[in-house]
Amino acid sequence: MVGTTYKRHLALMTSTALLTSILVAPTFAQTSADTDDGTEVVYVEEIVTIGTRRKGRSAADTPAPVDVIGVAEFRQSSSSDVQDLLRTSVPSFNINSQPISDAASIVRPANLRGLSPDNTLVLVNGKRRHRGSVISFLGGGISDGSQGVDISAIPSLALKRVEVLRDGASSQYGSDAIAGVINFVLKDNAEGGQVEVSYGSTYAGDGDNYRISGNVGLPLGDEGFINITAEYGDTDGTVRSVVRDDVLALIAAGNTDAADFQTINSYTDEAPQYWGQPDVEDDIKLFVNSAIQLSDSAELYAFGSYAERKVTGGFFYRNPTNRGGVYRGPLVDATGALDPDGGASVRVGDLDGIGVGETCPAGIPLNGLIPDADVLAAVVASANCFSFIETIPGGFVPRFGGNNRDFSIAGGVRGEMDLGNGLSYDLSLTHGSNRTDFFIRNTVNASLGPNTPRDFVPGGQEQIETSVNADFSYAVKSDFASDINIAFGGEYRKERFDLFAGDAASFALGPLADQGFSSSSNGFGGFPNSSSNSQDSYAVYADIETDVTDEFTVQGALRYEDYSAFGDTLDYKIAGLYTVTDSFRIRGTYSTGFHAPTSGQANITNVTTQNVAGVLIDQGTLPLSSAAGQLAADFIEAQGNGRPSLGTEEARNISLGFAFDLGAATWTVDFFDINVNGRVALGANVDFLEALNSVDGTTYGSVSDALAGLDAAGTIDRQNFIGLDDLAQFRFFSNSFSTSTQGIDVVGRYGFDFAGGQSNLILAANYTKTEVTDTGALNPISAGRVNALEDLLPNVKGSLTWSHAQGQFRTLMRANYYGGWDDTGNGVNGIGSEILIDVEVAYEVTENVELIAGVDNLFSNYSDENPGAGGLGQLYPEAGPFGFNGGSYYLRARARF
């Protein structure tokens, strides 16, 4: 047809989710040519805003690999959580369900290229996004101790596209840009909009979820816009567990109260174990993007967000015969008196104090798994004796969660100065905060005995960040094939981490603490004190890029940054792109990078319950600068290993890639090699009692005895150790281990006509392998964490997507491949690979109304079952790379206007 115009994406602009178009994208460049029949073919290249500061550069022209993910395909999934969508779209991006992971269930840690969540820089509209408030103490080994960005606060409907820079970029953007950079570009329509309603559930009948979302673009003056997105939703939890062996044993022995924990597919306080996704309630997200033209050469812009949600998960079952600090008592004889040669017992507390008034038995003897009836009856009859077997005879399962709130605002002015040299500028201010207020229900503070509450507020955490940026760029005439683009600027950044004290009962050292009953709310102890810690930094940078010849582009960057708490660092990058032919390009980079510890990592205090070799014990994370931290540092130094410290981690990144055409198919292949030294991490646990015994050479039998004895001797001030009486082990942040990560990213795209419609095939695959090169001599990580870092994630992950559009129908079929991996948490190696099939069908009822139905994991595949499932009720590995909900379906209605 003469005069017909159609747009086609350039071959090198492939990505895992880029299909036919980015529907609304004013940022593109185009060239055109006429075909023999007079048809004008317009080639469109999406202009990227990361990886280069040169104006008008497409991803095909950048020396480092940049994926541009169109939002239309990005959102073809049952989930609306941006993190889950990225897992499908970006093969090297990993996220899982995080059951029974303390605060990590509230803000889930994600990994790019197998590195820590805080080794990935997250931007929104090119501006640094503030971190989440949660530090992931239980991050599956890979994410332990990380404090990443809460990406879930971003509604997917607000996005125009997602840009993923798969290269180190600390010299361009600062701290954290080691694994790469993810830039979420917001919609900027000045008119139109859409409304969506969706509902979904799992094949198992749980996990019901619904979402209502809308987006509208409005004009702001003659040349400006304001674009608003809002979303509200709820997601029910799931349970994929079996009845625990110890629960079955209790029931068989005659403990009828334990029968409450036989219920499987019910997310209640009596579920046997919370292996599944948590409940997410009142999930509200709001994003606003705006800009208005001040003059022909200046624009004022602003964008911001607000989000909140309530997340509730669960903890491990507390067995009424052996849970330490609550039920488990000393060895006793048949009458309940202490006997080192006796049998197991259930602990009894003497409410008016040992040696005062009526004498209580030390414990209720256990006849198998059942308390001795006569001694139990005597305890129940006594007003002075107390055991939790009286009030909670079947044991209990705590429910833990938090109310999360996220807020951000950014604004600035950008344009071009009328100085005759094309100097452009962008002056901006960004402020954001993320706060989580924790709660824990259905638990106890055992040291308070019968007066314990069952529900607690352990306190909260908040991360607050402010950034001020001044960025400039201009082109200098040269004898090269292009002008020399010079960019320079500076940044001031301040961050603060606030810790909010919990209610008094959540950290109280009650009257029964000296009788072996644990203090604080069991499972997640309250923060005894509020605190606020901050640090700031300033940076200056310079960036240069030019086409030396028509075929050869070079880029260089240099950045100096100084942190008030950790000193300074100087990082650089050199990169090049060589166009061999129109259909074959070579690109490569070499850069250094860094990650600075956050104020939260340097100052956080947390005590949690973990499963160690089948036994639940209290472990803690304490600041290296605290009294206990310095005691541990003394202990380590005395062993001749030097003294642990906390500073920036350093990285080196090399990438080499090819982009080429094979017939109608386009391909990119990129190799990467990343070394990270002195990684900021939680080291191996320090045995608290052993460290205390080393202070003056005295051998104490328990932590509580050691603290009391050292305090009485004037060696320590026990007030500096409040809430640590039951602490068996603790760890702290320091520069610890080093890793080497190597891998390959492969992306291919092939578009073709089929059955009277248009089809696209997209292959995206990643191979990543991490090796721990140094476990850290001063504060070594555990062997278990080494195994997790090296083998917990599949080395190979990828997807093959076929999409087809024909008339009013649109279809998608996607095969997601997850390679084999090791379940290091359960010590089960050789978990097999899986292929998950996703299917979606859409029908355009009218020009503006579309109905959509889809299925994720069509054949309901699961990871290999846990051979020891009965131990903790864990049917499938908790670290499964694609979760363990099985198949799910969704229905969605979309109306555009």
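Reader: What should I know before reading any values?

Author: This is a predicted model, in which local features need pLDDT of at least 70 and side-chain atom pairs count only at pLDDT 80 or more, while totals for chains, interfaces and linings use all residues. Residues are numbered from 1 along each chain as its sequence is written, and side-chain values use heavy atoms, with hydrogens and water left out.

Reader: Thank you. Which residues make the nonpolar surface patch?

Author: Val195, Val197, Tyr199, Tyr203, Tyr210, Ile212, Tyr889 and Phe897 make a patch of about 740 Å². Patches are made of residues with over 30% relative accessible area and no salt bridge; like charges are joined within 9 Å, and nonpolar side chains (Val, Leu, Ile, Met, Phe, Trp, Tyr) within 5 Å. Accessible areas come from the Shrake-Rupley method with a 1.4 Å probe, and for residues only the protein chains shown count as cover.

Reader: Which strand gives the most to that patch?

Author: Strand β11 does, with three residues. Both β11 (193–202) and β12 (209–220) supply at least two residues each. Helices (H or I, at least four residues) and strands (E, at least two) are DSSP runs, numbered from the N terminus.

Reader: And Tyr210, where does that one lie?

Author: Tyr210 lies in strand β12. Its relative accessible area is 34%, so Tyr210 is partly exposed. Buried means under 20% relative accessible area, exposed means over 50%, and partly exposed is in between (1.4 Å probe, protein chains only).

Reader: Let us change topic. In what order do the strands of the open sheet with β16 come?

Author: The order is β16-β18-β19, three strands with antiparallel pairing. At the edges are β16 (345–347) and β19 (370–371), each of which pairs on one side only. Two strands pair if DSSP finds at least two bridges between them. Strand β18 (residues 363–367) pairs with β19 over two bridges, in the antiparallel sense, and Leu366 stands opposite Pro371 in β19.

Reader: Which helix packs on this sheet?

Author: Helix α5 (residues 373–381) does, touching β18 and β19, and its direction makes about 150 degrees with that of β18. Contact means heavy atoms within 4.5 Å. Axes are lines fitted to C-alpha atoms, for helices over the stretch in contact, and angles run from 0 to 180 degrees between N-to-C directions.

Reader: How many bridges join β25 to β26?

Author: Eleven bridges join β25 to strand β26 (residues 552–563), and the two run antiparallel. They form a hairpin with four residues between them, and Ile544 stands opposite Gly556 in β26. Strand β26 also pairs with strand β27 (residues 567–581), antiparallel and over twelve bridges.

Reader: Is Asp543 buried or exposed?

Author: Asp543, which lies in strand β25, is buried because its relative accessible area is 2%. Leaving aside neighbours within four places in sequence, its contacts include Arg53, Gln172, Gln555 and Gly556.

Reader: What about Ser518, buried or exposed?

Author: Ser518 has 4% relative accessibility and so counts as buried. It lies in the loop between α7 (504–507) and β25 (531–547). Apart from neighbours within four places in sequence, Ser518 is in contact with Gly325, Val326, Asn445, Ala446, Ser447 and Asp726.

Reader: One last topic: how many salt bridges are there?

Author: The count comes to 43 salt bridges, a salt bridge being a side-chain nitrogen of Lys or Arg within 4 Å of a carboxyl oxygen of Asp or Glu. Side chains of opposite charge can pair when their charged atoms come close.

Reader: Which residue forms one with Asp406?

Author: Arg129 does, with the closest N and O atoms 2.8 Å apart. The pair links distant parts of the chain, 277 residues apart: Asp406 is in strand β21 (residues 399–416), and Arg129 is in the loop between β8 (127–128) and β9 (159–165). Asp406 counts as buried because its relative accessibility is 1%, and Arg129 counts as buried at 6%.

Reader: Where do Asp84 and Arg87 lie?

Author: Both lie in helix α2 (residues 82–89), three residues apart, about one turn of the helix.
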